[in-house]
Amino acid sequence: MSAIFNKGDVITNNYFTGTAYLKMLVPEGTEFNCPIGNVTFEPGARNNWHTHDGGQILLVISGEGYYQEEGKLAQKLHTGDVVTIPANLKHWHGATKDSEFVHLAITTNPQKGGTNWLEPVSDEHYNAL
Ligand code: MN
């Protein structure tokens, strides 16, 4: 599968399980006040549970993945899906076991703050999806 946007660099923080890449397409701190990142998850990769102070929108551009809100079943995501994530709602997103997964992540209301990282999505939880 061919990538649409630049894949960027491996994410080296401790808030992901597995390997993921980030390319900021519209950086933070610009006059546009609308950071947009291209995030690529290798199969099995996912981010920790987290919240966003100002919310987030995900635009799925390739592969198959999951989005899960705390207390709800995980939703399977495919190319073309749009996920709107309210501020302060605990959730995670990532690839399925067998597919790469690529989404654009748009930070909404960035003036309200950033991302608050929480505990990892355990293998036990993930493997039961
Ligand atoms: Mn998120």
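Contact here means heavy atoms within 4.5 Å.

## Model and conventions

This is a predicted model, in which local features need pLDDT of at least 70 and side-chain atom pairs count only at pLDDT 80 or more, while totals for chains, interfaces and linings use all residues. Residues are numbered from 1 along each chain as its sequence is written, and side-chain values use heavy atoms, with hydrogens and water left out.

## Overall architecture

The protein has one helix and twelve strands. Read from the N terminus, the order of elements is β-β-β-β-β-β-β-β-β-β-β-β-α. Both kinds of element are DSSP runs numbered from the N terminus, helices being H or I with at least four residues and strands E with at least two.

A compact globule of 129 residues would have a radius of gyration near 14 Å, and the protein agrees with this because its value is 14 Å. The radius is taken over C-alpha atoms, and the globule rule is 2.2 Å times the number of residues to the power 0.38. Along the principal axes, the C-alpha atoms fill a box of roughly 45 × 35 × 25 Å. Of the contacts between residues at least 6 apart in sequence, 70% join residues at least 24 apart.

Buried residues account for 41% of the 129 residues. The burial classes rest on relative accessible area: buried is under 20%, exposed is over 50%, and partly exposed lies in between (1.4 Å probe, protein chains only). The protein exposes about 6900 Å², and carbon and sulfur atoms supply 50% of that area. Accessible areas come from the Shrake-Rupley method with a 1.4 Å probe; for residues, only the protein chains shown count as cover.

## Annotated domain

UniProt, in an unreviewed entry, places the feature "domain: Cupin type-2" at residues 39–106. UniProt positions are given in the numbering used here, feature names are shortened, and annotations may be inferred rather than shown by experiment. Over residues 39–106 the chain is 0% helix and 60% strand, with the end C-alpha atoms 11 Å apart.

## Manganese site

The manganese ion is coordinated at 2.2 Å by H50 (NE2), H52 (NE2), Q56 (OE1), H91 (NE2) and H93 (NE2). Donors are N, O and S atoms within 2.8 Å of the metal (3.2 Å for Na, K and Ca); water is not among the atoms, so sites may look incomplete. The sequence spacing of the donor residues is H-x1-H-x3-Q-x34-H-x1-H.

H52 lies in strand β6 and counts as buried because its relative accessibility is 7%. Q56 is also buried. Leaving aside neighbours within four places in sequence, H52 is in contact with A87, N88, H91, H93, G114 and T115.

## N48

N48 lies in the loop between β5 (46–47) and β6 (50–52). With a relative accessible area of 3%, N48 is buried. The N48 side chain reaches the backbone oxygen of L118 at 2.9 Å. Such a polar contact is a pair of N or O atoms within 3.5 Å; within protein, one must be able to donate a hydrogen and the other to accept it, and residues adjacent in sequence count only if both atoms are side-chain atoms.

Not counting residues up to four places away in sequence, N48 touches N14, Y15, F16, H91, W92, W117, L118, E119, P120 and V121. One of these, H91, is also a manganese donor.

A74 sits in the loop between β7 (56–69) and β8 (75–78) and is partly exposed, at 24% relative accessible area. Beyond four places in sequence, A74 is in contact with Y66, Y67, Q68 and L129. A74 and H91 are 17 residues apart in sequence, and their C-alpha atoms are 9.5 Å apart in space.

A105 is in strand β11 (residues 101–107) and is buried, with a relative accessible area of 11%. Leaving aside neighbours within four places in sequence, its contacts are P35, I36, G37, V39, Q56, I57 and L58. A105 and L59 are 46 residues apart in sequence, with a C-alpha to C-alpha distance of 6.7 Å.

## Positive phi values

Most residues other than glycine have a negative phi. N88 has a phi near 70°, a positive value. N88 lies in the loop between β9 (82–85) and β10 (91–95) and is exposed, at 52% relative accessible area.

N109 has a positive phi of about 50° although it is not a glycine. N109 is in the loop between β11 and β12 (115–117) and is partly exposed, with a relative accessible area of 34%.
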